[in-house]
Structures are given as structure tokens and as C-alpha cells.
Amino acid sequence: MRLKDKVAIITGGARGIGRAIALLFAQEGADIVVGDVNMQEAEKTCLEIRSLGRQALSMEMDVADYAKIEGALNKILDKLGKVDILVNNAGITKDNLLLRMSEAEWDAVLDVNLKGAFNCLKAVSRPMIKQRAGRIINIASIIGIIGNAGQANYSASKAGIIALTKTAAKELASRNINVNAVAPGFIQTEMTAKLPEDIQQKMKEMIPLGKFGSPEDVAKVCLFLASEEASYITGQTIVVDGGMVMA
Ligand code: NDP
């Protein structure tokens with residue numbers, strides 16, 4: 001029960017890594033807001049959280065739209081009274097080689113992945129500053145550290161997340177708000193499961209631990225960063241990638 005009675009907002013919490021974070025935080029005693037655009041899946045995740053005995057609120061939150069985020073946050077504060085933890089997890093890809101990448105593909109990915117994290121971080125900082133406590137965890141990616149052909153928009157957005165994490169950590173530290181990032185490598189999701197076996201094998205050969213990570217591997221690091229155990233850590237990016245990227 002490392003998060004007993006805390007309130008956590010998980011953006012993109014309906015499925016994938018966000019869902020795993022939402023469920024683990026609930027198991028550890030937190031009440032959860034699943035902020036997403038996929039309301040059908042968000043409600044399914046909320047049902048699972050309620051079966052663990054915790055409160056769960058599915059909240060329509062297009063992270064790219066600041067006005068909607070402010071509105072959602074006011075509703076959350078009305079219903080649950082506070083926000084202790086924000087996990088900026090919502091993220092999308094629209095891959096293309098540089099010369100073929102359209103302005104729309106660039107803008108869409110930057111709007112959700114980077115502006116979305118800024119919007120949510122800005123909105124929750126106000127109540128967190130008032131309560132003189134908070135934890136913000138941004139989901140980056142190793143692609144934001146090493147780059148990847150075909151992902152100019154995605155890699156720039158994830159590198160931006162890492163820089164945003166450091167600046168927010170410096171600005172909010174005096175108010176007892178810790179801001180950290182988690183940078184996953186290849187995580188076993190619906191997306192990786194669909195890749196042909198030989199491609200999956202080649203990808204695994206690049207990973208020293210020889211396997212993909214699970215959404216739960218990422219969730220466990222988020223839990224650590226949200227818990228008391230990480231109270232002296234801020235502005236850091238923790239890589240969860242089976243050893244692919246070593247500084
Ligand atoms: P998924 O696509 O499985 O889930 C993302 C969730 O976010 C979906 O429910 C999606 O809704 C929702 N979402 C999309 N756009 C928005 C928006 N504008 N506002 C709110 N919610 C939105 O993603 P993953 O679980 O794979 O990834 C989660 C995070 O982890 C992302 O930031 C990703 O970049 C990062 N990551 C993932 C890795 C991986 O291997 N999977 C590796 C490294 C980093 P919908 O269903 O409608 O799309």
C-alpha cells in the first residue's frame with residue numbers, strides 16, 4: 001500500500017502502458033483518474049480498478065487541448081478533492097521519413113506527446129503548489145535519447161519531454177513537487193505482438209537482456225517514482241529498456 005489514499009491522474013490510461021500503471025497504482029491504494037480519448041476502453045479499465053476496491057473516474061481528456069484539460073481538472077478536484085500524482089503517459093506515433101513527413105504528422109505528434117504533457121503538468125501544478133506536495137512522471141522513450149529513422153516527430157517530442165522534466169523539476173522543487181521521466185525501450189504491446197517473428201527476433205538481439213519489456217516493467221518504475229522511496233529524486237530520466245541504451 002505504497003500509495004494509500006493518493007489520487008493519481010494517468011493520461012492515456014485506458015490501455016497499454018497507462019492501463020498497467022493505473023492498475024498497479026490502484027493495487028497500491030490509490031484512487032485513479034483514467035484520462036483518455038478512448039472512453040470505451042477507459043471505462044473498462046475503471047471497472048477493473050473498482051474491482052480492486054478503489055475509486056476510478058474515467059475522464060475525457062484530449063491532452064492536446066488546454067481548455068479541456070483545465071475543465072477536466074476542475075471536475076476531478078470537485079469529485080476527488082485533490083491530485084497527488086500525474087502520469088503524463090498519453091502518446092501517439094505518426095511515422096514517416098523526414099522528406100515525406102507532412103506538417104500535419106509533425107504537429108499531431110508534438111501536440112499530443114509534448115504539448116499534451118505541458119498542458120497537464122501546468123494544470124496540475126496549481127493545486128500541487130497549494131498543497132505543497134506532488135509527483136509528476138512523464139513517459140518519454142529511448143527514441144528521445146538515441147533517435148530513430150522515420151520518427152523525427154516522435155523522437156523530438158520525447159527529447160522535449162526529457163528537457164521539460166528537468167525544467168519543471170527545477171521550477172517546482174521548492175514546492176516539494178518531484179518531476180521525473182521514464183524512458184521505455186521495446187515494450188510488449190499489441191503493436192510489437194503484430195510484428196513478424198523474424199523482426200521481433202532481430203529486435204530482441206539488440207537488447208542485452210534478450211527480451212521485450214512488459215507494461216508492468218514500466219509501471220513498477222512509475223510506482224517507485226510516485227512513492228515515498230523516491231522523495232529525494234527529481235529531474236531524472238530512468239531508462240527501462242533491458243540495457244539497450246547505456247549512458
Ligand atoms: P497505446 O497506444 O497502447 O495507448 C495510448 C493511450 O493513449 C490510448 O488509450 C490512446 O487512445 C490514448 N490517447 C491517444 N491520444 C490521446 C490524447 N490526445 N489524449 C489522451 N489520450 C490519448 O500506447 P502505449 O501504451 O504503447 O504507450 C504509452 C506511452 O509510452 C506513450 O507515451 C508512448 O510513446 C510511450 N512508449 C511506448 C513504448 C512501447 O513500446 N509501447 C516504448 C516507449 C515509450 P486511443 O486508443 O484512442 O488511441
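V83 is located in the loop that joins α3 (66-80) to β4 (85-88), where helices (H or I, at least four residues) and strands (E, at least two) are DSSP runs numbered from the N terminus. The model is predicted, and local features therefore need pLDDT of at least 70, side-chain atom pairs count only at pLDDT 80 or more, and totals for chains, interfaces and linings use all residues. Residues are numbered from 1 along each chain as its sequence is written, and side-chain values use heavy atoms, with hydrogens and water left out.

With a relative accessible area of 0%, V83 is buried; this term denotes under 20% relative accessible area, exposed denotes over 50%, and partly exposed applies in between (1.4 Å probe, protein chains only). When neighbours within four places in sequence are set aside, V83 is in contact with V7, I9, L73, I76, L77, V124, M128 and Q131, contact meaning heavy atoms within 4.5 Å. The C-alpha atoms of V83 and W106 lie 31 Å apart in space, with a separation of 23 residues in sequence.

W106 belongs to the contact that α4 makes with α6. The axes of helix α4 (residues 103-131) and helix α6 (residues 152-172) come within 8 Å and cross at roughly 15 degrees; axes are lines fitted to C-alpha atoms, for helices over the stretch in contact, and angles run from 0 to 180 degrees between N-to-C directions. The two helices, α4 and α6, are therefore roughly parallel, a class for angles under 35 degrees, with those over 145 counted as roughly antiparallel, 65 to 115 as roughly perpendicular and the rest as oblique. By class, the contact of α4 with α6 comprises 15 nonpolar, 5 polar and 2 charged residues (Ala, Val, Leu, Ile, Met, Phe, Trp, Tyr, Cys and Pro count as nonpolar, Asp, Glu, Lys and Arg as charged, and the others, Gly among them, as polar).

A further helix pair is formed by α1 (residues 16-27) and α2 (residues 39-50), whose axes come within 9 Å and cross at roughly 20 degrees. Helices α1 and α2 are therefore also roughly parallel to each other, and α1 passes α2 in a right-handed crossing. R19, A22, L23 and A26 of α1 meet T45, E48 and I49 of α2, giving 4 nonpolar, 1 polar and 2 charged residues.

D31 lies in strand β2 (residues 31-36) and is buried, at 8% relative accessible area. Beyond its neighbours within four places in sequence, D31 is in contact with K6, V7, A8, R54 and Q55.

Most residues other than glycine have a negative phi. In D5, which is found in the segment before β1 (7-11), phi is positive, near 60 degrees. R132, in the loop between α4 and β5 (134-139), has a positive phi near 55 degrees. D5 is partly exposed at 40% relative accessible area, and R132 is likewise partly exposed at 47%.

The whole structure contains 0 disulfides, a disulfide being a pair of cysteine sulfur atoms within 2.5 Å. The sulfur of C120 is 15 Å from the closest cysteine sulfur, that of C222, and is therefore too far away for a bond. C120 is buried, with a relative accessible area of 2%, and C222 is buried at 0%.

Key. A crossing is left-handed if the near helix is turned anticlockwise from the far one by less than a right angle, and right-handed if clockwise.
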